[in-house]
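Hello,

Here is the structure you will be taking over. My notes follow below it.

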Amino acid sequence: YFPKVKKLIRDIGPDVIRAHGPWHTGSLAVYAGRSLGIPSIVSIHSNRDEQRRIEPSLLLNLVLPLENYALSKASLVLCVSDYLHAYANRHGAKQTYTIYNKVYTERFNADRSYERSGPLKALSVMRLDRAKYPECLLEAIAPLDIHLTLIGQGELEDALRRQAAQLGILDRVDFIRQVPNSEIQAYYDRTDVFLMATHYEGFCIPVLEAMAAGLPVIASDTGPIPEVLGGTGWVVKKAPEAFTESLSKLSDDIDRRAALGRAARTRSLQIDGPIMEKRECAIYRALLNSDKTDLDQMLSEKRRYVN
């Protein structure tokens, strides 16, 4: 593949090569770029070292040489959170820069009422796999008068349904396998609180979507999530009882839910999609600047996100 990709890129003649992820695509992009004298950008979206610690596997070890090569030889490594800089640097990255994942607040209705009738409505959007720890949320709501909507699919789907039945809450959990992206905001609109329990993340887009929708957020103290929340949500230990305790405090406290939700919306506006677009455009322009002065200045002053 390496010679084929190099030939293809030579034929295209780009000014810069952009790759998503440090493994196959990243190593191919960096190899071609170095061979042809073209700057290469590799973006990283997850802390693979943390994944190796939590989910050790042969595959993760086999791709490590590609990871090291791509991150150490890329002209620039784009991180989707400040949290990922340390991971990139451990693998030899020379120049790193933060561009948050883009969520567009204009898609979400922030003019919400924090009044509620009936059980508190909770929402979580995630892959249903071991990395995301969805079983934590089922245990958390079991002792409370809460209805949970869980949007996602994955290897744990059947096990989670069995768990809900064993906990006696199957009638209080809606399992929705997938929702078109153009319709997801409607689910945030109908919710009182957003929950996220997860073992490792690079960013966590659903948390920022919930913030854009003006929802109070309760999330585990994982990687970049406190950074994304910016002090506007409740960060708790990755344990069902921690979520239960926070939910019980929020359930009947409309003023606290409203304060958290409005603060979250304000924070989301500070890191809105168009702001990130301008930031990314600026780094591309600087990278392509022939004397690299702008790039050196940007990387020295604002390689991490400054809000």
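**Cavity, sheet and one glutamate**

The lining of the largest cavity divides into three nonpolar, two polar and four charged residues. Here Ala, Val, Leu, Ile, Met, Phe, Trp, Tyr, Cys and Pro count as nonpolar, Asp, Glu, Lys and Arg as charged, and the others, Gly among them, as polar.

This is a predicted model: local features need pLDDT of at least 70, side-chain atom pairs count only at pLDDT 80 or more, and totals for chains, interfaces and linings use all residues. Residues are numbered from 1 along each chain as its sequence is written, and side-chain values use heavy atoms, leaving out hydrogens and water.

Back to the cavity. Its volume is about 40 Å³. A cavity is a set of points on a 1 Å grid over the protein atoms alone where a 1.4 Å probe fits but cannot get out; lining residues have an atom within 4 Å of a point. Volume is the space filled by probe spheres set on the points, which are joined across faces, edges and corners. Among the lining residues are Arg-112, Tyr-114, Asp-192 and Arg-257.

Next, the sheet. Four strands form an open sheet in the order S1-S2-S3-S4, with parallel pairing. Strands are DSSP runs (E, at least two residues), and helices are too (H or I, at least four), numbered from the N terminus. Two strands pair if DSSP finds at least two bridges between them. S1 (17-20) and S4 (96-98) are the edge strands.

Last, Glu-157. It is found in helix H8 (residues 157-167). Glu-157 is buried, at 13% relative accessible area (buried is under 20%, with a 1.4 Å probe and protein chains only).

Best wishes

Methods:
Buried < 20%, exposed > 50% of the residue type's maximum accessible area, 1.4 Å probe, protein only. 1 Å grid on protein atoms, 1.4 Å probe; cavity = no way out; pocket = protein on both sides within 12 Å on 5 of 7 lines; lining within 4 Å.
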